[in-house]
Amino acid sequence: MRNENEQEKLTPEDFERVTIDAHHSERIEKPSLSFWQDAWLGLRKNKAAIVSMVVLLLVILMALIGPHLNGHAGDTQNLRHANLPPKIPGIEATGFFDGDGKLAGKKVDLYEMKKVDEYYWFGTDGLGRDLFTRLWEGTRVSLFIAFVAAAIDMVIGVAYGGISGYFGGRTDDIMQRIVEILIGIPTLIVVILMIMIMDPGITAIIVAITITGWIGMSRIVRAQTLKYKSQEFVLASRTLGAKDGKIITKHLLPNMLGIIIINTMFTIPNAIFFEAFLSFIGIGLQPPAASLGTLINDGYKVMENQPYVLLFPAIVISVLMIAFNLIGDGLRDALDPKMKD
Amino acid sequence: MVKYIGKRIVYMFITLILIATASFFLMQTLPGSPIASYNKLNDTQKAIVEKKYGIDKPKPVQYAIYMKNLAKGDLGTSFVFKGKSVNDLLAKRLKPSLILGAQAMVFGTIVGILLGMLAALKHNTFWDYGSTFLAILGISIPSFVFASLLQYWIASEWHLLPVGLWNDGWKSSVLPSLALAMGPLALSARFIRTEMIEVLNSDYIVLAKAKGANGFEIAFKHAFRNALIPLITVLGPLAAGLVTGSLVVEQIFAIPGIGEQFVSSIMTNDHATIMGTTLMFSAFLIVVIFIVDILYGVIDPRIRVSGGKG
């Protein structure tokens, strides 16, 4: 009842004239997002990618500090402590990681038998080297190779593809003919041949991986350059007097950054794989250097009796590869929804 | 089309000649000699051995002879296996490699396609996540890690299948084929899933549903066939992956195949065999990529081959 009464009492003074301001319809309600903020919002929704990033950071952290955690050096040989199974203080009571190993088919506490007081978290290899320390040293080497190889691939690929696409004409023709021939050569064959003629080592592996690795990137960058260079904003910039260098760095590269990053994210696991592959067939890193590939190779040789030597590096390499692939997938969805596999 | 094929064949030959040339000269710079206990021989003996294998002549002459023989299809003589020709050596080893490769390819793609379809038809359910996870595992875990684990658990712990070698009929081929199949399986599952999801949202599927076609019919008769076409594009990378995988997987399971021969030739510096295997692998991959490009144009005429993927 009261409502009705109030309505009746409304007077003309209660009303106010509202003028529509044309500017209001142009106002942007939400704060505008930059390309990267938008990408981050997209990536944040992808749980797999976020978990992978956390896992990856943990592995990188362990690769940096892991070798210093337990006081054993990765290259100290101690034959009295050879072939010890994993033993971790605190959880040994649960029956896992308690230092029990098989000896002539029977379960024995090898630590007790060999009178070892120390703990080797992931066990020791045939030379008595601490596998925990070696694992993270190896991870560090593998990651280093992968990051450097991916960075070199990126630089060469972007430069080659950019030049070829931007200048076009004769330059493009010649450069693309070269690529067409190079792309026919199977990567694996080139990598193996290159590594055979160089001194084995980190440099040789990086050179071998990058020698054909940049081609994929160069083709993508060339296609992108062709797409953007004929667009109006580039024309406008050129009309205003911008030089080639400025157009490339200010207009073309920022537009391609997303695709370049995605592609690099997929080169990294590839490089990790090739390093491990080469070391596994015995032409990669040479002992005593450790990488995930050499550790898996060592572990494979003693798999029958000491499976833990193989298990830990196998887990780390698989986790790394999965993490990089998932982050790559997530980034692709977030940065460039049009692209699919 | 004819012009395009002609151009591609010319490129293929250039690539092969380039690979042959490059591998020949790379072999010359290799450290170490292919002749066992070379350092123990005196000069006369060295001269005899070098003459026998034709490596006493100057390099350009050796190169010319090698290329001439190559044109006739002769890959040269192995240094390690006393006077055996590389052709014979590889011919004998071709069968196990082909069997493994074919089994892995067929098993991997069929299971991959089924998994991919399952994931697409049950989009955003447990089945979808499960098969996507499996595909990620297959793409991520290196074949040699997977092969070692299979060998450890199935062969040496549970004694279900032979640990290695090629002497137990089909049983010997199961584990290596499985290890090789993970790549094709994962790739095709991922690919088919993406394609199917897109196809299932298209108008003609809605029409088929409206017409009253049942789920099975829609999945296989309408959606699957259209999702299959783009799968051909990944055949190239698949074949490359199989070759890479065969190198380690054959070594792990001690299969007397081409890949195992390649790795052991590298270890023994057997130049002629390394070059022969390199050429074989390269020719195989180049031909596969060529066929894929042509097939793609034939099956889906909307794709203009001449502007193709090069």
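A: Lys301(A) lies in helix α12 of chain A; helices here are DSSP runs of H or I, at least four residues, and strands are runs of E, at least two, numbered from the N terminus. This is a predicted model, where local features need pLDDT of at least 70, side-chain atom pairs count only at pLDDT 80 or more, and totals for chains, interfaces and linings use all residues. Residues are numbered from 1 along each chain as its sequence is written, while chains are lettered from A and ligands numbered from 1 in the order in which they are written.

Q: Why does Lys301(A) count as partly exposed?
A: Because Lys301(A) has 13 C-beta neighbours inside 10 Å. A residue is buried if 20 or more other C-beta atoms lie within 10 Å of its own, exposed if 12 or fewer, and partly exposed in between, with C-beta atoms placed from the backbone.

Q: And how many Å separate the C-alpha atoms of Lys301(A) and Phe274(A)?
A: They are separated by 20 Å, and the two residues are 27 apart along the chain.

Q: What about Glu232(A), buried or exposed?
A: Glu232(A) counts as exposed, because it has 8 C-beta neighbours inside 10 Å. Glu232(A) is found in helix α10 (residues 232-239) of chain A. From Glu232(A) to Gly284(A), C-alpha to C-alpha, there are 49 Å in space and 52 residues in sequence.

Q: Switching to the two chains together. How many residues does the contact take from each?
A: The contact takes 32 residues from chain A and 40 residues from chain B. Two residues are in contact if their C-beta atoms, placed from the backbone, lie within 7 Å.

Q: Which element gives the most on the chain A side?
A: That's α13(A), which gives nine residues to the side touching chain B. By class, that side of chain A has 24 nonpolar, four polar and four charged residues. Ala, Val, Leu, Ile, Met, Phe, Trp, Tyr, Cys and Pro count as nonpolar, Asp, Glu, Lys and Arg as charged, and the others, Gly among them, as polar.

Q: How many residues are in the largest nonpolar core?
A: It has 134 residues, and those with the most contacts inside it include Ile317(A), Ala179(B) and Val248(B). The largest share of this core, 16 residues, comes from α13(A). A nonpolar core is a set of buried Ala, Val, Leu, Ile, Met, Phe, Trp, Tyr and Cys residues joined through C-beta atoms within 7 Å.

Q: What does Ile317(A) touch?
A: Leaving out residues up to four places away in sequence, Ile317(A) touches Ile272(A), Ala276(A), Leu292(A) and Ile296(A), plus Pro142(B) and Val145(B).

Q: Now chain B. How many helices and strands?
A: Chain B has 12 helices and zero strands, and 38% of its 310 residues count as buried. Chain A has 13 helices and two strands, with 39% of its 341 residues buried.

Q: Which residues are buried in α1(B)?
A: Arg8(B), Thr15(B), Ile19(B), Ala20(B), Ser23(B) and Met27(B).

Q: Where in chain B is confidence lowest among the helices, and where highest?
A: Helix α2 (residues 43-52) is lowest at a mean of 74, and helix α5 (residues 126-140) is highest at 85. That's pLDDT, the predictor's confidence in each residue, from 0 to 100.

Q: And where does pLDDT stay under 50?
A: Over residues 305-310 of chain B. Where pLDDT is low, the predicted coordinates should not be read in detail.
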